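Open the viewer and get ready to click along. At each stop you will select something and then read what is there.

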Amino acid sequence: MDLSAFETDNSCNCIVGSDIPEIAKREPCWLGIDEAGRGPVLGPMVYGTCYSPISLKDQLKEMGFADSKVLNEEQREKLFEKIKNSTEVLGWMIEVLSPNFISNSMLRRSKYNLNALSHDCAIGLIKKALDKGANIKEVYVDTVGDPAKYQAKLKGIFPDLDITVAKKADSIYPIVSAASICAKVARDNAVKNWTFKEGITVENFGSGYPGDPATKKFLTDYLDPVFGFPQFVRFSWSTADLLLQKNAVSVKWEDDDDDDQNDKKRKKDSAGTHSLFTFYKSEETGNKRSKKHSFFDERCLKNMTHF
Amino acid sequence: MSLIHVDKNSASQARTTKACHLMPCEIDYNGPAKVADYFDTSVRHDQGTVLSATFRGRPLSGKEMQLPDGYTGLLLKELHRPYSEEEERHLKVSHKFEQFTYWNLDAEPSINDKIHKALEWTHIAKTLHSPIESQENSNVSEPDK
């Protein structure tokens, strides 16, 4: 798979795919969607989609697609070659979501959770297939979160499509299996060919799953006290966050205690009203120095006589 | 409160740097950091003059800013920390800067940013503190003659 666009700039997302088969424009098609690399604390998450004419469902079954997780790397690579060589009947597309994009999205001011991000990515792929002129009629999606809610969400956006969201869709529908193979192959390649912008060379970072000892060792060994981790790491994962809290210098952001303060405010409000007598108290008269104009307060300007 | 000395000689020797960043967070650290490897490599030029970058996984939006005319930015270093409040302190200028990049957390830079507004003061201060021009003086004093 040619991921050179992603390899030259692995901070940003990238979409790669086949041309649309002529037959997929004429005949009604089914489309499958699956993802790879959702759990790991390292590397990109990849969304894959495959589509082909409904009339050729049986032909697809014979190609031997199965859930990408039960296949080994070699088998997946072989099956992906098959997908690539079936351009007359099978179209495919993948989107690589860079770990930097995942971190940045999840750590925005208004948090964007991984489920919403996944849903939006799937929606984007369906839209792109339709925009390219594929005659999509049926859509099969491996679920993220609650299948019924996800299905309703997709139905709302694509009322004309017949949408099925299911658990383990990749082992039930060959078109989803094919999509999962594309996604997994792309994820493996992106991880294998990762170039660290930070000028470090890493021998072994393991599978990327937080429980893997090699991954844990990588996270501990390559922790920079100021910057934290290279962009390869998803900062929004609790594994990464906990390590930073423990081993990196503390960083305070202006929105850090927003939640905290809201809690306190709520507590104060619910604690009841002020005592009536506070209204009759005389104002404190101690501070007679004139106050600075709010112009200076708003600009954080102060007189400094010492540091 | 103690007396603070800033070494004037060090100011003339200090190099001018362009790599000065005003971050939207407090980093509890003073000292060398791998800015070129970890931060500069994340800086991207978005549309127009807006920059984007990432720090600790969070998205930043930034803009380059020139200091107002007649102002120089100084980065001061204290070689020995004072032991008590009364002790005199000696600071050296380690770098000078005429421009810097300021970064917002997940918000496009705008003229409403505090740093923009703070620098407005330099214009107002200039007007407030410059001597009133002689022409106006003579206008006021004319009727007395």
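**First stop: a buried ring**

Select Phe80(A), which at 0% relative accessibility counts as buried; buried means under 20% relative accessible area, exposed over 50%, and partly exposed in between, with a 1.4 Å probe and protein chains only. Before going on, know that this is a predicted model, where local features need pLDDT of at least 70, side-chain atom pairs count only at pLDDT 80 or more, and totals for chains, interfaces and linings use all residues. Residues are numbered from 1 along each chain as its sequence is written, chains are lettered from A and ligands numbered from 1 in the order in which they are written, and side-chain values use heavy atoms, with hydrogens and water left out.

**Ring partners**

A pair of aromatic rings is described by the distance of the centres and the angle of the planes. Here, rings of Phe, Tyr and Trp (its six-membered ring) pair if their centres lie within 6.5 Å; planes under 30 degrees apart count as stacked, over 60 as edge-to-face and the rest as tilted. This rule gives 17 aromatic pairs over all chains. Phe80(A) belongs to helix 4 (residues 73–84) of chain A and Trp92(A) to strand 4 (residues 91–97) of chain A, so the pair ties together parts that are twelve residues apart in sequence. Helices (H or I, at least four residues) and strands (E, at least two) are DSSP runs, numbered from the N terminus. Trp92(A) is buried too, with a relative accessible area of 6%.

Now move to chain B and select Phe97(B) and Phe100(B): their ring centres are 6.3 Å apart and their planes at 75°, so this pair is edge-to-face. Phe97(B) is buried at 14% relative accessible area, and Phe100(B) is buried at 7%.

Back in chain A, one aromatic cluster is formed by Phe6(A), Trp194(A), Phe196(A), Phe205(A), Phe218(A), Tyr222(A) and Phe232(A).

**Charges over rings**

Which residue lies over the face of Trp30(A)? Select Lys57(A), at 4.5 Å from the ring centre. A charge sits over a ring if NZ of Lys or CZ of Arg is within 6 Å of the ring centre and within 35 degrees of the ring normal. Arg58(B) lies over the face of Trp253(A), at 5.1 Å from the ring centre.

**A cysteine in a helix**

Select Cys121(A), in helix 6 (residues 114–131) of chain A. Cys121(A) is buried, with a relative accessible area of 5%. Leaving aside neighbours within four places in sequence, Cys121(A) is in contact (heavy atoms within 4.5 Å) with Tyr47(A), Glu95(A) and Leu97(A). Tyr47(A) is 74 residues away along the chain, yet the two C-alpha atoms are separated by 7.2 Å.

**Last stop: two loops of chain B**

Select Arg56(B), in the loop between strand 6 and strand 7 (58–66) of chain B. Arg56(B) has a positive phi of about 55° although it is not a glycine, and it is buried, with a relative accessible area of 11%.

Finish at Asp106(B), in the loop between strand 10 (99–105) and helix 3 (114–129) of chain B. Its phi is near 50°, a positive value in a residue other than glycine. Is Asp106(B) buried or partly exposed? At 30% relative accessibility, Asp106(B) counts as partly exposed.
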